[in-house]
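Biologist: Shall we walk through this chain together? Please show it first, and then I'll start asking.

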Amino acid sequence: MSIRNFQNLRLVRKDFVTVASIMMVIIFFVSASYVAFVIDNPSKDREVVLYYNAGLQTLYGDRENVYLASTPVGWSVLLASANSVINDVFVTAKLFSVFFATAILVLSFFIIKNIFDRQVALLAQAIIAVTPFFHVEAILTHHEMLPVFLICLSFYFITKKKLSNRDLILCGIILGLASMLRYQAALIAISCIPFFLIQYKKIHLSKTILFVLFFIIAFSPLLIYNFLTFGTWIEGDTSLYFIIWSQEATDPTWENAFIERLEPDGSTMFFEINEYFIKNYFYNLFVNNPDRIFHFTHDIGNWSPIPFIQYVGIPLILGGAIVAFNRHIEKKEIAFLAIISFVILIFLIMSDYAEYFFIAIIIPVLFLGIRSIKKIEHNVLPLLVIPVCFFIMMSIIQIQYPFDLFAILLIPPTLTALFVLKGIPKIIQFKQLPDKKTNVKIIIIFIISIIIISNLIFSYELQAMLLFGDNFDWKDVFRSHNYELSSANEMKEMGEMLSKEPNIENKYVMADSNVYSHYANSKFLYGNFREGSQDATIMDYITRQSWSDFEIATGNIESIPHDRYNKYNHLPDYLIYVDSQDNIPYLRVLQNPDDPNIPKNFELLYKNDKSGIFVYKIKYE
């Protein structure tokens with residue numbers, strides 16, 4: 001082939017990659033916008049209502065009484081401020097989600113292209129574009145996309161081949177701003193420090209100090225606000241998540257620790273390292289949290305490259321990490337690591353800890369990575385160092401939803417793409433076949449097709465489940481659906497009905513979702529119909545006399561306005577009861593309006609026997 005023809009071929013490939021990338025972004029943006037603004041209308045996301053009202057209360061109300069356990073107040077304030085222009089909080093939040101999700105997709109191509117090449121960048125971008133939980137965050141009104149975009153933007157600077165002081169300053173500022181919206185960004189910033197120390201170990205520490213300094217400066221407005229308002233630098237509490245999501249052991253003192261932290265002069269300690277914490281920490285580190293990416297169980301809450309097939313994420317993602325180590329691995333080394341892995345696995349099985357099998361896989365890979373550290377390109381190191389450090393810190397709590405790990409959104413797809421395009425050709429050898437290159441291409445195309453198709457099917461089912469309460473059944477994806485009578489429509493209908501009640505803006509609606517009160521333009525008291533003792537009365541329940549201190553505390557921080565210090569103890573003027581087998585038995589009489597056990601001051605306003613929703617007006621003397 002002549003030099004001219006070779007150059008022309010490179011230009012054609014370059015143009016194809018560019019066009020494919022642009023088309024992918026356009027298709028993603030149009031599809032996400034259509035689902036967000038047309039299909040998901042009306043919306044029923046209770047989180048955005050909670051954050052929006054927390055922002056309003058912070059800006060214009062009793063800010064000391066606001067409490068957000070898992071996130072800084074920055075996103076709430078930003079959402080409330082932006083909505084003052086648009087005046088529809090769901091539309092405002094969706095604009096953030098769709099726009100910044102699309103921006104992440106655009107940015108991902110340029111970041112990965114600078115680290116590897118255009119083909120790996122295009123495939124990684126495609127994997128991100130079809131990731132089901134990325135779709136969910138793009139179309140729903142959660143608060144992930146803007147901070148994730150800022151984290152990705154920081155990756156653009158720290159993955160350059162030569163890091164300048166300007167890059168470090170910008171990276172620190174961007175992660176500081178992101179940390180005011182989502183605390184996970186601060187964990188990414190901390191995870192960057194080992195990378196900088198490796199990068200500059202032969203020079204000096206000034207560059208690392210420069211990064212930390214500008215990160216703190218950018219993060220300082222939130223720190224100062226928290227200290228002046230609540231007397232603590234970081235406002236939040238891991239105790240609540242220990243109580244709700246702990247798997248291995250539950251400490252009876254966690255509830256008291258959470259209640260104490262809500263007090264004006266309460267403890268500022270996030271957690272206590274004891275036997276309960278240690279058991280849950282290692283379960284989170286080696287079982288639950290990796291499951292969200294590598295898919296060990298039948299749980300649909302994962303963003304594995306092929307989400308239907310268990311364990312397939314392990315060879316694809318970790319295989320990409322091994323390719324990134326960028327060195328030839330000796331047979332003796334492979335044998336040694338295989339023996340270590342086998343010994344660990346046998347020990348786990350004999351100790352009745354077989355579910356911790358991931359230890360037998362990840363430890364040899366980490367050992368291999370440490371031995372390869374000098375061979376790894378400096379701009380590749382962030383993809384390997386940051387997720388390890390991030391997981392070590394993030395495993396303090398048990399991750400329930402895959403998007404809570406989106407701070408490292410770029411890394412698993414990138415490693416998967418690297419393994420598929422660079423690793424598979426090295427592994428597969430068709431010595432007996434005449435056309436080895438053609439067969440390798442066929443296998444690569446087949447794997448890419450499986451990844452894309454399976455993720456799109458998974459995404460369709462996931463969206464049907466989250467938006468319309470449909471059953472998740474990927475084996476029957478072409479079945480008929482009935483979306484006209486979705487729960488969101490009924491929520492809006494009941495809210496608009498209550499909005500016509502006299503002085504509704506000053507009345508309290510008790511329900512298990514704040515979306516009802518949002519559409520009603522009322523205040524809100526949270527109750528999930530499982531609080532309190534089993535032998536109380538309906539009036540004991542709605543007055544919360546039968547509730548424990550912990551149930552009252554969690555109810556207060558879910559209510560609107562927030563009542564962190566339990567100052568008001570309001571009574572509900574309306575009760576929206578949703579029937580369920582899990583509800584307290586004495587409350588289930590509310591599904592029969594003629595039952596004599598229902599208090600006389602309860603007036604039925606609405607009922608739907610099919611959905612199990614009943615609305616009562618409560619009158620007080």
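Biologist: Thanks! Among contacts between residues at least 6 apart in sequence, what percentage join residues at least 24 apart?

Modeller: Happy to start there. A contact means heavy atoms within 4.5 Å. Among those in the protein chain between residues at least 6 apart in sequence, the share joining residues at least 24 apart is 69%.

Biologist: And what should I know about the model itself?

Modeller: This is a predicted model, where local features need pLDDT of at least 70, side-chain atom pairs count only at pLDDT 80 or more, and totals for chains, interfaces and linings use all residues. Residues are numbered from 1 along each chain as its sequence is written, and side-chain values use heavy atoms, with hydrogens and water left out.

Biologist: What radius of gyration does the protein chain have?

Modeller: The radius is taken over C-alpha atoms, and the globule rule is 2.2 Å times the number of residues to the power 0.38. For 621 residues, a compact globule would come out near 25 Å, which agrees with the chain's value of 26 Å.

Biologist: Is strand E5 largely enclosed or open, and why?

Modeller: Strands are DSSP runs of E with at least two residues, helices are runs of H or I with at least four, and both are numbered from the N terminus. Buried means under 20% relative accessible area, exposed over 50%, and partly exposed in between (1.4 Å probe, protein chains only). In E5 (residues 613-618), 5 of the 6 residues are buried, so this strand is largely enclosed.

Biologist: Which residue in E5 is the bridge partner of Tyr574?

Modeller: Two strands pair if DSSP finds at least two bridges between them. Strand E3 (residues 574-578) pairs with E5 in the antiparallel sense over 5 bridges. Within E5, the partner of Tyr574 is Lys617.

Biologist: Which residue in E5 stands opposite Lys607?

Modeller: Strand E4 (residues 602-608) is antiparallel to E5, with 6 bridges. In the hairpin of E4 and E5, 4 residues lie between the strands, and Gly612 takes a positive phi near 75°. Opposite Lys607 stands Phe614.

Biologist: Is Phe529 buried or exposed?

Modeller: Most residues other than glycine have a negative phi. Phe529 has a positive phi of about 65° although it is not a glycine, and lies in the loop between strand E2 (523-526) and helix H22 (538-542). With a relative accessible area of 1%, Phe529 is buried.
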